[in-house]
Amino acid sequence: MIRKFAFLLGLMFLVNFMNAQVQDTIVEEDFSQYENVGFADDGAKRYCSPKIYDLSPQRLISVSWDQQLGYEAFSSRPGEYDKDDSALFGHKGNIDKTAGLRLFANIPIISKNELVWQMGLNFVNTNYDINSITPQGNEPNAELNNGMLSGLDARGLTSAGVHSTIFKPLGEKSFLLFQGSADLNGDYGFDDVPSLSKLRYSGAVIYGKRSNDRKQWGVGISRTYRVGEMNYIPVVMFNWTAPNRKYGTEILFPARANFRLTINPRNLILIGYELEGASYHLANLSNTNTNYELRRSELRAKVEYQRQIKGFVWFSAQAGWRNDYSFNVDRIEGDGDFFRGFFGNQKYSQLNSLTNPVYFNIGIHLVSP
Amino acid sequence: MIFLISCAGKKESINYSISNVLIKADGPLFEGSNTAQCEYQVEMEAFLKTQGKNLDQLAGMKLMKADFSMADSSSFDLIKSISLQIASDQAEMKELGGINPIPSGQSLLSINLSQNQGDLSPYFKQKQLSFVLDADLAKDTSMNLVMRADLDFQLTFK
Amino acid sequence: MFSVLLTGLSVQAVAQDNADKLIGLWEPSNGKARVKVEKIGNKYFGKIVWLREPIDPVTKKPKVDKNNEDASLRTLPLKGYRLLKDFVSKGKGEWADGTIYDPENGSTYSCVIKMKDDNTLDIRGFIGVKALGRTDVWKRIMVK
């Protein structure tokens, strides 16, 4: 009898428990009560965000094709030149196109309110399609071969590197930004990768303020190869979005500066420029004791359209005009590099000048808005 | 329940309606967003049997129309906006549509349907689902709020 | 048998109580909104119940979900919008299989919630894998 009673009691308990799961639930909301609140314990410490409204989305993984249309390259004979020397150009190269694949990955290692740390890899391959290299001028005994141009035609240029970025907020308004990278650049393929002594190191440190959700600025110093050779340059960051959120700026001077038109959160246009550059080890010309470095730098004025395809996959297309800033060659005894900066007077071993073609770049990206 | 059969190429479709779904919120209610939910016992399997079909043949389901009226035939003047969701334990909550603002003087309204509602058949292949209605009230009221929903779906079959 | 039945029900009730600890009012670290977590069926959902800046400075009207990918939903009010959806308790202070919506850009992220203590949540929104994401700290709010 007691057992039957106990079983019945348990069954009633079970039935009531199950019935509680299936019923209409009506919740009344008095929204005004949510004004007069307080934290249950200490509130969360607030940190400034690395972003402001409407910035173009950050790319986690990026694949793009970059191509410059036809142009000419004027190349001097090997010698010793100041940058402004009006050298007699020994050769002219007719370049049908310069093109190649670009791969970037930028993955968050730590992504929290108080620290954001990202690391990434980059790979850029540039092939030179040179249809003729002809001697120029009327100097007697002009060499028939130009090692640099013919080397570019045969081997192209490759750049591969790792980079790391740390964003450290110092409270709600100010932050520090650290960036560093190591790149191996040269005329190599996968079967003849140069030694790590040829790595080139860059970095930057910026102190900034996030004034509000629409403005963020910073100043700092960088060690950079964007001008083709090592230099120490101040940097200025200014990201801003207009109150109507239809336009803004994305500036990291002198590396890049863009004016942004926001069509909607899934479509935007950037108009501006980017300064690209690196120093490439030319194994084709180098030997054990003497290294030749191509100091390549170009300023790209562009219009870029970015659009969401689906979810976090975006498409970009940019077109513009590539302006040659530097394509000179240095001769370096031994390993390492030297610092010339804006005021150094070390001689170049070869002066080169490129005419300026139109270029385009199309890509697919996995982004983190 | 009303049904119509149409044949368009290889895919057969049937219209399926759920009428008189009462979604209630007991007073007093306050200005702002109020949530009402209704547990709905699904009768899809029984209905499909009457059509000589079964659940496995149901390939897709889409909400074509959602009409709301106040059960006491009054106007919607107390309500500024409504939005309708469907939810279940085995599938994600989905926005079905909404209307904001509700024009004044309306006693019957059709909500704007979500373009991305996708296929709703997974909800109706279960025994039970929830309709969740968020109603944004213009002011406090001590009255109960009872709304009637009439939902028209289109079913497609393999 | 009766004691076994009661023990089983007690364990389930305790697990349910722990899962229901997510229910309540929470504030993200940026302080821009307050979110009320409620239970519908066996899942947990979070609705915006307060906005620090409820009026759109451009339209001068209450903010709506203007960035929603679905154009038909862009007129719905933000206050009352359910930005946490479909969370299922996994036990041990974790809720998963849900999503979090960012009204600033109309994006929906996969999301997991971990309760660090009774008044603190780690909310991690991510794309595909947890490594591609970001963690925010939410604090419990009490109505005075």
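Reader: A:Trp65: what does it count as, and at what relative accessibility?
Author: A:Trp65 counts as partly exposed, because its relative accessibility is 34%. The scale runs like this: buried is under 20% relative accessible area, exposed is over 50%, and partly exposed is in between, with a 1.4 Å probe and protein chains only. This is a predicted model, where local features need pLDDT of at least 70, side-chain atom pairs count only at pLDDT 80 or more, and totals for chains, interfaces and linings use all residues. Side-chain values use heavy atoms, leaving out hydrogens and water, while residues are numbered from 1 along each chain as its sequence is written, and chains are lettered from A and ligands numbered from 1 in the order in which they are written.

Reader: Where is A:Trp65 found?
Author: In strand S3 of chain A. Strands here are DSSP runs (E, at least two residues), and helices are H or I runs of at least four, numbered from the N terminus.

Reader: Which residues make the nonpolar surface patch?
Author: A:Val63, A:Trp65, A:Leu101, A:Leu103 and A:Ile362 make a patch of about 380 Å². Patch residues have over 30% relative accessible area and no salt bridge; nonpolar side chains (Val, Leu, Ile, Met, Phe, Trp, Tyr) are joined within 5 Å, like charges within 9 Å.

Reader: Which strands each supply at least two residues of that patch?
Author: Strand S3 (58–68) and strand S5 (89–112) of chain A.

Reader: Switching to charges. How many salt bridges over all chains?
Author: The count is 41. The rule is a side-chain nitrogen of Lys or Arg within 4 Å of a carboxyl oxygen of Asp or Glu.

Reader: What does A:Arg102 form a salt bridge with?
Author: With A:Asp66; the closest N and O atoms are 3.8 Å apart. A:Arg102 is in strand S5 and A:Asp66 in strand S3 of chain A, so the pair ties together parts 36 residues apart in sequence.

Reader: Is A:Arg102 buried or exposed?
Author: Buried, with a relative accessible area of 11%. A:Asp66 is buried too, at 5%.

Reader: And what about A:Arg340, what is its partner?
Author: A:Asp330, with closest N and O atoms 2.7 Å apart. A:Arg340 sits in the loop between strand S16 (313–333) and strand S17 (352–354) of chain A, and A:Asp330 in strand S16, 10 residues apart. Both A:Arg340 and A:Asp330 are buried.

Reader: What does C:Lys90 pair with?
Author: C:Asp97, by a salt bridge with the closest N and O atoms 2.8 Å apart. C:Lys90 counts as partly exposed at 47%, and C:Asp97 as exposed at 52%.

Reader: What about cis bonds? Which residues does one join in chain A?
Author: A:Phe253 and A:Pro254, with omega about 5°. In chain B, the peptide bond from B:Asn100 to B:Pro101 is cis, with omega near 0°.

Reader: Last one. What is the mean pLDDT of chain A?
Author: The mean is 88, and 87% of residues in chain A reach 70 or more. Over residues 4–27 the pLDDT is below 50. pLDDT is the predictor's confidence in each residue, from 0 to 100. Where it is low, the predicted coordinates should not be read in detail.

Methods. Accessible areas come from the Shrake-Rupley method with a 1.4 Å probe; for residues, only the protein chains shown count as cover. Contact means heavy atoms within 4.5 Å.
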